[in-house]
Amino acid sequence: MRLHTRTVAWAAVAALGLALCARAEEPKSSRVRLSHSGRYGVRLVELGEGKCRLEVLKEDAPHWTLERCVGTADDLYFASDDGEKVWVLYTLPKKPVRRPSRKAKRAAWTYAVVAARYGRDGEADRRLVLNQLMRTRESLEDVRQYEKHFKWLEGVAGVRGIPPKLNEQGKVELVTLDHKTHTLEF
């Protein structure tokens with residue numbers, strides 16, 4: 001009787017291990033976020049190490065895709081009402097090692113790209129670095145710094161506050177850790 005109980009327990013452990021391995025091979029995906037009109041959606045799918053696909057969906061069917069990593073599944077993606085542009089908000093940006101130039105006066109990490117707008121062609125036509133949104137030394141003191149990354153947004157990555165959203169005009173609205181609201185246009 002005791003041998004049977006152990007066998008059942010080991011079988012359950014083996015089944016759980018197989019289930020976890022199978023799940024680990026599944027692609028990781030960001031949450032699908034709808035455009036203001038609800039007609040378009042956007043998500044990023046991580047297919048494997050360094051392989052991603054940005055998908056813009058039109059009523060649950062592919063509208064266009066970009067076979068490139070423009071972020072991670074943990075970042076936030078917002079689609080325009082015409083489905084042609086996507087804003088990516090990097091929730092936990094990596095700190096750059098060096099400043100962009102010798103003349104730069106602020107710390108290297110303040111020059112990290114925290115948001116980018118991509119079009120169907122896959123090119124970022126607009127990029128925002130942290131010190132464009134948080135301009136003063138006092139506001140930068142609110143940023144939560146870690147060894148290789150930092151947190152700059154309210155409402156994401158375990159930070160209390162209002163998460164980024166699309167406002168009534170269909171623009172991306174976000175609140176930085178210095179409690180200032182910013183609006184990003186498509």
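Tutor: Two strands pair if DSSP finds at least two bridges between them. This is a predicted model, in which local features need pLDDT of at least 70 and side-chain atom pairs count only at pLDDT 80 or more, while totals for chains, interfaces and linings use all residues. Residues are numbered from 1 along each chain as its sequence is written, and side-chain values use heavy atoms, with hydrogens and water left out.

So, the hairpin of S4 and S5. Two residues sit between its strands, and Glu59 takes a positive phi near 50° there. The two strands run antiparallel to each other, paired over five bridges. Across that pairing, Leu57 stands opposite Pro62 in S5.

How many does a search of the whole structure find? One. Its partners are Cys52 and Cys69, with sulfur atoms 2.0 Å apart. The torsion about their S-S bond is about 85°, so this disulfide is right-handed. Cys52 is in strand S4 (residues 51–58), while Cys69 is in the loop between strand S5 (61–66) and S6; the pair links distant parts of the chain, 17 residues apart. As for accessibility, buried means under 20% relative accessible area, exposed over 50%, and partly exposed in between, using a 1.4 Å probe and protein chains only. Cys52 counts as buried at 7% relative accessibility, whereas Cys69, at 32%, counts as partly exposed.

A salt bridge here is a side-chain nitrogen of Lys or Arg within 4 Å of a carboxyl oxygen of Asp or Glu, and the structure holds eight of them. One joins Arg43 to Glu55, with the closest N and O atoms 2.6 Å apart. Arg43 is in strand S3 (residues 40–48) and Glu55 in strand S4, 12 residues apart, and the pair links distant parts of the chain. Glu55 counts as buried at 8% relative accessibility; Arg43, with a relative accessible area of 27%, is partly exposed.

Asp74 lies in the loop between S5 and S6 and Lys28 in strand S1 (residues 28–29), so the pair ties together parts that are 46 residues apart in sequence. Lys28 counts as partly exposed, at 42% relative accessibility.

Strand S8 (residues 113–119) pairs antiparallel with S9 over five bridges, and Val113 has Val129 as its bridge partner in S9. There's a salt bridge here too, with Arg117 and Asp125 at 2.9 Å between closest N and O atoms. Arg117 is buried, its relative accessible area being 12%, but Asp125 counts as partly exposed at 40%. Salt bridges that share partners also join Arg43, Arg53 and Glu55 into one network, which takes us back to where we started.

(Lys and Arg count as positive and Asp and Glu as negative; His and the chain ends are not counted.) Leaving aside neighbours within four places in sequence, the contacts of Arg33, with heavy atoms within 4.5 Å, include Leu76, Tyr77, Phe78 and Pro164.

For context, the chain has three helices and 14 strands, and 39% of its 186 residues count as buried.

How values were computed. Helices (H or I, at least four residues) and strands (E, at least two) are DSSP runs, numbered from the N terminus. A disulfide is a pair of cysteine sulfur atoms within 2.5 Å.
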